[in-house]
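Read it alongside the coordinates.

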Amino acid sequence: MNAEYDLFVIGAGMAGITAANRCASQGWKVGIVDTLPYGGTCALRGCDPKKILRRGAEIIDDARLMHGKGVNQNGLTLDWPALMRHKHGFTDDIPGAMESTLKRNGVSTFHGDARFVSRHHVDINGEQHSAARFLIATGARPRPLEFSGQELLVDSTEFLNLEALPRRIVFVGGGFVSFELAHIAARAGVECVIIDHGTKPLRAFDPDLVDLLVRRSEQAGIRVHHSTSVSAVTHTSTGFHVAIERDRATSNIDADLVVHGAGRVPNFDGLDLEAADIAHGPQGIDVFGHLQSRSNPYVYAVGDAAGTPGERLTPVAVFEGKVAASNMLKGIETVPDYAGVPSTVFTIPELNRVGMLEQEAARDGREISVRYHDTSGWYSNYRIGETTAATKVIVDPATDLILGAHLLGPGYSEVINTFGLAIKLGLTTRQLKSVTATYPSVGSDLGSMF
C-alpha cells in the first residue's frame, strides 16, 4: 500500500528498538513510539537497575557469611540513597542514547499514546500515521488485583525508584518480583513479608530448590506466607493494614509499603486493537509461530505482547524482535527457537532453571535420570561461607542428553548458561565433562553436577 511508513513500531523497549534499527538499516522508512522513556522495562525499570541495587545487598550478605571467618563487619550497612544514585548513573542516560541511535539510523521517533484507528493507521497525540506494517512490542504491566485497596500498592517500577526504604514492606505475590526485591530490602534491614496464595511460590522452578530458597529467605529475615490471600489493604495513621486470609482465618499485617508482585499481563492500554482487527487474549496477541497476527497480516507482535510459547524474558523478546524483523524484510516465516533459554530469580543466592522440570519430563513419559547434589559443602561455596546450595540435572539415560538443569547457589546464574548452550546444541553430559575448566572457579563444578 502507499503508506507513510514501511514499518511502525509501537513500544520502544529492547525488542522494538532492535527491530526498528534492523529494518531501518535495510532502507525501510520506520517510525517508533512509546508513552514512556525509550529503553523499556529491563533497562530502565527492571532487570538492570534491580541487579545494580542487588549488588549492595550482596556485599552485606557476603560480609555476614564471612563473619567469624576472617571478616569483621564493623557496622557495615547499606546506604540506600547512595546506591540509588549509583543506579541512576546507569539508567538516566539510556533513553537519550537509545533515541539518538534510532535517529542516526533514520528512524522517526515519537512520544505519546498510540491508538489504532484502522488496519493501517495509528493515532498519536491526535495525529494519524499510516504504515504498511506494524510491530507491537508494548511489554507488560502489573495485572489487576481484585481486593479492596489494590490501588494503594506500588509496583516494581516505583520500588526501584524509592528515595528511602521504609521499615516494613509487604510483597503481594510469590513470584520473581517479590522474592528479588525482598532479598534486596531485607539486607538493608527492612522487615519483609511475602504473601503467596499458592502452596509453593516460584512455581516455574524446581520445587525442591524452591524449598531451600524459602528457608534461606527466612534466615535472611523474610517471612513467607503460603496458601494465603490478601482480602484488603487499608490506610492507617502509621501506614497500612494488609488483611490476609488463610484456612478461613483472618489476620492483619502492618506495613509501611505494600508492593505488587502478583504477576503481569500484556500491556494493550489504549491501543484499541479491535479497530485494527487484531485478535488477542490473556496471553497476548494471537500470532502464528512466525510472530504474525492471525487476524491482521499487517501486524506482528513480540515479547510480552505476543501469545508465543517463549518465556516472558527480555532476551526472548529481543530475539523475537530480530526474527520478526527478518520475517518482515524477507517475506519469510521463520519460527523462533526457544530451546535452551535459561531463567534466573536473582535472589541471594540465585535460583536458576533451563529446560524441563523433573515432573514435566515424567509427565511426558520419559525415562529420566535425576542427578541431585547438595553443593553447600563444595569448595566454591565453602570458600565464601554459603550454606545453602544445590543442583538438580535431568538427563535422558538413553541419549545422555540434558533435559533440564536446576541450580540454586551463588554464581550459578553464570553456570546455567552452559547448560542452556548444551540443551540448544544437543551436547551430552560426556561432552561437557570432557571440558577442562579454569580452577578454582564456580564453572569448574559443572562436571561434578552430573
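## Domain, helix and sheets

Over residues 341-443 the chain is 28% helix and 30% strand, with the end C-alpha atoms 18 Å apart. Helices (H or I, at least four residues) and strands (E, at least two) are DSSP runs, numbered from the N terminus. UniProt, in an unreviewed entry, lists residues 341-443 as "domain: Pyridine nucleotide-disulphide oxidoreductase dimerisation". UniProt positions follow the numbering used here, feature names are shortened, and annotations may be inferred rather than shown by experiment.

This is a predicted model: local features need pLDDT of at least 70, side-chain atom pairs count only at pLDDT 80 or more, and totals for chains, interfaces and linings use all residues. Residues are numbered from 1 along each chain as its sequence is written, and side-chain values use heavy atoms, leaving out hydrogens and water.

**Helix α12.** The 14 residues of α12 (residues 412-425) should span 20 Å at 1.5 Å a residue, and the end C-alpha atoms are 20 Å apart, which agrees. The expected span is 1.5 Å times one less than the number of residues. Buried residues of α12 are Y412, S413, V415, I416, F419, G420, A422 and I423. They fall within an arc of 160° seen down the axis, so they line one face of the helix. That arc is taken from the directions from the helix axis to the C-beta atoms. On the other side, E414 and L425 are exposed. Buried means under 20% relative accessible area, exposed over 50%, partly exposed in between (1.4 Å probe, protein chains only). The buried residues pack against several elements, including β21 (350-355), β23 (390-396) and β24 (401-409). Contact means heavy atoms within 4.5 Å. G426 follows α12, and its phi is positive, near 75°.

**Two open sheets.** Two strands pair if DSSP finds at least two bridges between them.

| Strand order | Pairing |
|---|---|
| β4-β5-β6 | antiparallel, three strands |
| β11-β10-β9-β15 | parallel, four strands |

Axes are lines fitted to C-alpha atoms, for helices over the stretch in contact, and angles run from 0 to 180 degrees between N-to-C directions. Helix α7 (residues 176-187) packs on the sheet, touching β9 (168-172), β10, β11 and β15, and its direction makes about 170° with that of β10.
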